[in-house]
Amino acid sequence: MNKNQKSQLVAQLAEHIATTPHLYIADTTGLNAEQTSKLRRLCFRREVKLIVVKNTLLKRALATKDVDYSELHPAMKGTSAIMLSQSNNEPAKLIKEFGSTNDKFKLKGAYVEESFYLGHNQLETLVGIKSKNELIGEVIGMLQSPMQNVLGALQSGGNTIAGVLKTLEEKKAA
């Protein structure tokens, strides 16, 4: 690969990184062709872009960005694949799921929600981060809860009063 091709590849990689806010670096050492193909299909279904890349080219692409990615440099050793996603925790869930059947596939590092995470031991933390849609759902649920409690109390109060009146009416008739 000549210098011009490398610079084009770095520019394309930088563009991919710029369009997605969350970056994961995974170790794909030891994956055979069948396992890699399975991983790519899983990534495609979950809208996660998987790119196997040379670490030096990745460092160059990250150097063009406004964010200082130097904290991820220790993770850029050996065979690396980057996973890019709009969802903050989908790649972590994917790594956990795929890694459960293949112990060679590990998390090296990640840049999620403007924070850096290094090492496979951070995977559970990343899986636990709630996505934007999950947070919106929780907020809506919390906002609806008091209203539902008030409506429930009003409805049960009406039933209680109706029950008391019915009981009193039955006692009078008896």
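Biologist: Let's start with Glu47: does this residue count as buried or exposed?

Modeller: Bear in mind that this is a predicted model, where local features need pLDDT of at least 70, side-chain atom pairs count only at pLDDT 80 or more, and totals for chains, interfaces and linings use all residues. Residues are numbered from 1 along each chain as its sequence is written, and side-chain values use heavy atoms, with hydrogens and water left out. Buried means under 20% relative accessible area, exposed over 50%, and partly exposed in between (1.4 Å probe, protein chains only). Glu47 comes in at 69% relative accessibility, so Glu47 counts as exposed.

Biologist: Zooming out, what pattern does the protein follow along its sequence?

Modeller: The tally of secondary structure is six helices and five strands. Reading along the sequence, you get α-β-α-β-α-β-α-β-β-α-α.

Biologist: What is the radius of gyration of the protein, and how does the globule rule compare?

Modeller: The radius is taken over C-alpha atoms, and the rule is 2.2 Å times the number of residues to the power 0.38. Those C-alpha atoms fill a box of roughly 100 × 35 × 25 Å along the principal axes. The protein is more spread out than a compact globule, because for 174 residues the rule gives 16 Å, and the radius of gyration is well over that, at 26 Å.

Biologist: What share of contacts between residues at least 6 apart in sequence joins residues at least 24 apart?

Modeller: Contact here means heavy atoms within 4.5 Å. As for burial, buried residues make up 33% of the 174 residues. The share of those contacts that join residues at least 24 apart is 80%.

Biologist: Is Asn102 buried or exposed?

Modeller: Asn102 sits in the loop between helix H4 (90-101) and strand S4 (106-112). Not counting residues up to four places away in sequence, Asn102 touches Leu31 and Gln35. Its relative accessibility is 5%, so Asn102 counts as buried.

Biologist: Which residue has its backbone nitrogen 3.0 Å from a polar atom of the side chain of Asn102?

Modeller: A polar contact is a pair of N or O atoms within 3.5 Å; within protein, one must be able to donate a hydrogen and the other to accept it, and residues adjacent in sequence count only if both atoms are side-chain atoms. The backbone nitrogen lying 3.0 Å from that side chain belongs to Lys104.

Biologist: With which side chain does the side chain of Asn55 make a polar contact?

Modeller: Asn55 lies in helix H3 (residues 55-63) and is buried, with a relative accessible area of 12%. Leaving aside neighbours within four places in sequence, Asn55 is in contact with residues including Met76, Lys77 and Gly78. The polar contact, at 2.8 Å, is with the side chain of Ser80.

Biologist: Which residue places its backbone oxygen 2.8 Å from a polar atom of the side chain of Gln86?

Modeller: Gln86 lies in the loop between strand S3 (80-85) and H4 and is exposed, at 54% relative accessible area. Beyond neighbours within four places in sequence, the contacts of Gln86 include Thr20, Pro21 and His22. The backbone oxygen at 2.8 Å is that of Thr19.

Biologist: What separates the C-alpha atoms of Thr125 and Ala92?

Modeller: Thr125 is found in helix H5 (residues 123-128) and is partly exposed, at 41%. Gln86 and Thr125 are 18 Å apart, C-alpha to C-alpha, and for Asp103 and Thr125 the separation is 19 Å. Thr125 and Ala92 are 33 residues apart along the chain, with their C-alpha atoms separated by 9.0 Å.

Key
Helices (H or I, at least four residues) and strands (E, at least two) are DSSP runs, numbered from the N terminus.
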